[in-house]
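Reader: I have a structure open and would like to learn how to read some of its side-chain contacts. Could you walk me through them?

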Amino acid sequence: MPLWDTAALRLVGGVSDLGGYINEVELDKENYNQARKKNARARFQWEPGERWTVGVTGLTQSIRAGSVNAADENYQRFDGNEIGIWDDGNIASLDINWAPDWANVFFTVSTFERENQVIFDARDSITGELTTAAVPGLGSIGFIDDLLQGIAKELIRGSPGGYHVISDSKSAELRFNSNSGGPWNWTLGAYGRR
């Protein structure tokens, strides 16, 4: 949408609901692996002069999803853990372009933040390690391995595992590109990120 003769704003947003098919029996919840994704983006652009362009961009996204693993053959969850995925991210940037006769000058600064947490049922990973193959010189004995793992799965009524990652990044760039139109051109710049 135009704001005035030399500036405009663009807004974009969305929500996506993904239906689930796994029921969490012990928590009495249906469609426990459903997910919701929300996002929004905005871009403001201004041309204060014939050779200048200034832009500001912002983006945000949020994902919430329930159980994604550990269902039986009937797609039913069999433990009482609250598990799922939480993922939030934000990006913001400022960019300035200047085009004098001798070069194109570009400057940008941006920030990126994200928090991502995944909690899952690690029971299969834990019980899958219980095997007679771990005994030196014995080797794997199938029916004993199956018995050990079956007992362990009944004793371990859910073992949450997962990870939680927080990212924070800031960057800036200044770049000069020649525009002589001849056979030789040059680029000079600097870039930094923390």
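Author: Gladly; we will go through aromatic pairs and then salt bridges. Keep in mind that this is a predicted model.

Reader: Let's begin with the rings. How many aromatic pairs does a search of the whole structure find?

Author: The general idea comes first: two numbers describe a pair of aromatic rings, the distance of the centres and the angle of the planes. Here the search finds 4 aromatic pairs. Take Trp-102 and Phe-176: their ring centres are 6.2 Å apart and their planes stand at 20 degrees, so this pair is stacked. The reasoning rests on a cut-off, because planes under 30 degrees apart count as stacked.

Reader: Where in the chain do Trp-102 and Phe-176 sit?

Author: They link distant parts of the chain, 74 residues apart. Trp-102 belongs to the loop between strand S7 (84-98) and strand S8 (103-121), while Phe-176 is in strand S9 (residues 160-178).

Reader: What is the relative accessibility of Trp-102, and what is the relative accessible area of Phe-176?

Author: Trp-102 has 46% relative accessibility, so it counts as partly exposed. Phe-176 has a relative accessible area of 22% and is partly exposed.

Reader: Which residues do the ring pairs link into a cluster?

Author: The cluster consists of Trp-52, Trp-98, Trp-102 and Phe-176.

Reader: Now to the charged side chains. How many salt bridges does the structure hold?

Author: To read one, look for a side-chain nitrogen of Lys or Arg within 4 Å of a carboxyl oxygen of Asp or Glu. This structure holds 7 salt bridges. One of them joins Arg-36 and Asp-17, with 2.7 Å from N to O. These two link distant parts of the chain: Arg-36 is in strand S4 (residues 35-49) and Asp-17 in strand S2 (residues 7-18), 19 residues apart.

Reader: Which residue forms a salt bridge with Asp-101?

Author: That partner is Arg-51, and the closest N and O atoms are 2.8 Å apart. This pair, too, links distant parts of the chain: Asp-101 lies in the loop between S7 and S8, and Arg-51 in the loop between S4 and strand S5 (52-65), 50 residues apart. Asp-101 is exposed, with 62% relative accessible area, and Arg-51 counts as partly exposed at 37%.

Key:
Residues are numbered from 1 along each chain as its sequence is written. This is a predicted model: local features need pLDDT of at least 70, side-chain atom pairs count only at pLDDT 80 or more; totals for chains, interfaces and linings use all residues. Side-chain values use heavy atoms; hydrogens and water are left out. Rings of Phe, Tyr and Trp (its six-membered ring) pair if their centres lie within 6.5 Å; planes under 30 degrees apart count as stacked, over 60 as edge-to-face and the rest as tilted. Helices (H or I, at least four residues) and strands (E, at least two) are DSSP runs, numbered from the N terminus. Buried means under 20% relative accessible area, exposed over 50%, partly exposed in between (1.4 Å probe, protein chains only).
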